[in-house]
Amino acid sequence: MRLPIWLSAFGFPGLGQLAQKRWAAGAGFSVGFLIGFFWIMTIAVHNIIEFYSLAFDPAANPEPYPLGAFIAPLLLVIVIYFACLIDVCCAQQRISTKQREDEFLKAHESADS
């Protein structure tokens, strides 16, 4: 079942871990991603407000954040996204392997009896 991988890749980081019932990992990835996202949005909204302040007061001296201010939160969000995908894929691999082992053992225990 690949639903957790799809949820983390296309839904929201952390949803895949929550679907796997890995609550701490899911909460960690979700909260980390939200912090980075809101950090980016705060910078973007500030810059938009500063830009549009010129429309109301042409003599205003806007002070937007420099473009480099976006780098840290953007890198945070990208790292969290890919770490989440790697984590959910590895966990799903472990879960699938465990399920196959359990099925194999059940099949051979009933055959031996």
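1. A residue is called exposed when its relative accessible area is over 50%, and Lys21, with a relative accessible area of 60%, is therefore exposed. The model is predicted, and every remark below should be read as a remark on that prediction. Lys21 is placed in the loop between helix H2 (15–19) and H3, and its phi is near 65°, a positive value in a residue other than glycine.

2. Helix H1, which spans residues 3–11, has Pro4, Ile5, Ser8 and Ala9 as buried residues. Seen down the axis of H1, these buried residues fall within an arc of 125°, so they line one face of the helix. An α-helix has 3.6 residues a turn, so residues three or four places apart point the same way. The face of H1 turned away from the buried side carries Trp6 and Phe10, both of them exposed. In soluble globular proteins, nonpolar side chains tend to be buried together.

3. Ser30 belongs to helix H3, which runs over residues 23–56. With a relative accessible area of 13%, Ser30 falls under the 20% cut-off and is therefore buried. The side chain of Ser30 reaches the backbone oxygen of Gly26 at 2.9 Å. When residues up to four places away in sequence are not counted, Ser30 touches Phe12, Pro13 and Gly14.

4. The largest nonpolar core is made up of six residues, namely Phe29, Phe33, Ile40, Val77, Ile80 and Cys84. The elements that give two or more residues to this core are H3 and helix H4 (71–112). Ile80, one of the core residues, touches Phe29, Gly32 and Phe33, again not counting residues up to four places away in sequence.

5. Phe38 also lies in helix H3. Is Phe38 buried or partly exposed? The relative accessible area of Phe38 is 49%, and Phe38 is therefore partly exposed, since that class covers values between the 20% and 50% cut-offs. The C-alpha atoms of Phe38 and Pro73 are separated by 8.9 Å, although these two residues are 35 residues apart along the chain.

Definitions and conventions
Residues numbered from 1 in each chain as written. Predicted model: local features only at pLDDT ≥ 70, side-chain atom pairs only at ≥ 80, totals over all residues. Heavy atoms only, no water. Helix = DSSP H or I, 4+ residues; strand = E, 2+ residues; numbered from the N terminus. Buried < 20%, exposed > 50% of the residue type's maximum accessible area, 1.4 Å probe, protein only. Polar contact = N/O pair within 3.5 Å; in protein donor to acceptor, adjacent residues only side chain to side chain. Contact = heavy atoms within 4.5 Å. Arc of directions from axis to C-beta. Core = buried A, V, L, I, M, F, W, Y, C linked by side-chain atoms within 4.5 Å.
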